[in-house]
Amino acid sequence: MSFDRDAALEKAMLAFWEGGYETTSISDLTTAMGVTAPSIYAAFGDKKRLFLEALRRYAGDPGALEASLAGTPTAREAVLGIMENAARLYTGEATPPGCLLASAAATGSKSAADVREAAAHERHVIRSIVVRRIEQDIEQGFLPQTTQSEVLADLALAVTQGMSVLARDGADRDTLLAVAHASMTGWPKSEDWGPTS
């Protein structure tokens with residue numbers, strides 16, 4: 001191959017992020033990536049395999065996310081950090097608005113079922129990491145034993161995906177950050193019950 005595969009994958013990711021899986025054609029991809037269709041097929045296989053690889057690139061390394069959350073003082077701060085980062089990502093000047101995982105979820109045809117499943121898998125991985133981080137705080141006494149870790153994780157993911165829709169509709173970064181902060185009122189407040197020592 002006579003092109004930079006990594007750079008080409010980055011451009012493909014941005015093209016899919018902008019247009020979604022189904023509406024982004026091979027022609028769109030050749031234009032965005034600056035390569036020919038045969039080069040795309042030779043380097044990545046078909047369009048679906050290219051998308052799945054771009055999706056993994058977008059989602060990032062789960063181990064890195066888990067390590068980052070583990071290094072944050074509390075689960076609440078960790079989750080707020082995820083949402084604040086999402087607000088910045090969804091409104092970046094050099095990237096399309098919204099979330100690639102959310103646009104993949106909107107894929108409707110039966111032939112793209114594995115695309116939806118791949119996006120759902122990435123979301124489930126993130127959810128599991130967030131649930132474990134919340135449960136760590138419960139075990140350490142930073143959250144009450146009655147805390148529903150899965151509900152809090154689902155709340156965070158639902159808000160984050162909703163922020164993607166808002167960004168697609170033109171909401172600015174300050175609006176998304178305000179939504180992220182408002183959603184944290186659903187978390188137990190330590191002053192209401194007091195952490196154990």
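1. Helices (H or I, at least four residues) and strands (E, at least two) are DSSP runs, numbered from the N terminus. By that rule the protein chain has 11 helices and 0 strands. A note on the source: this is a predicted model, where local features need pLDDT of at least 70 and side-chain atom pairs count only at pLDDT 80 or more, while totals for chains, interfaces and linings use all residues. Residues are numbered from 1 along each chain as its sequence is written, and side-chain values use heavy atoms, with hydrogens and water left out.

2. Now the overall dimensions. The C-alpha trace of the protein chain spans about 65 × 30 × 30 Å along its principal axes. Of its 197 residues, 40% count as buried (under 20% relative accessible area, with a 1.4 Å probe and protein chains only). Have a look at the contacts too (heavy atoms within 4.5 Å): of those with a separation of 6 or more, 71% come from residues 24 or more positions apart.

3. Just after α8, Gly 141 takes a positive phi of about 85°.

4. Next, the inside. A nonpolar core is a set of buried Ala, Val, Leu, Ile, Met, Phe, Trp, Tyr and Cys residues joined through side-chain atoms within 4.5 Å. The largest one has 55 residues, and Ile 134 and Phe 44 are among those with the most contacts inside it. Helix α6 (residues 75-90) gives the most to this core, with 8 residues. As for Phe 44, leaving aside residues up to four places away in sequence, its contacts include Phe 3, Leu 9, Met 33 and Leu 50, plus Arg 5, Arg 49 and Glu 53.

5. Finally, the largest pocket. On a 1 Å grid over the protein atoms alone, a pocket is an open set of points where a 1.4 Å probe fits, with protein on both sides within 12 Å along at least five of seven lines; lining residues have an atom within 4 Å of a point. This one is lined by 29 residues, with Ala 59, Leu 65, Ile 82, Ala 86 and Ile 126 nearest its centre. Helices α4, α5, α6, α8 and α9 each give two or more residues to the lining, and the largest share, 8 residues, comes from α6.

Methods
Buried < 20%, exposed > 50% of the residue type's maximum accessible area, 1.4 Å probe, protein only.
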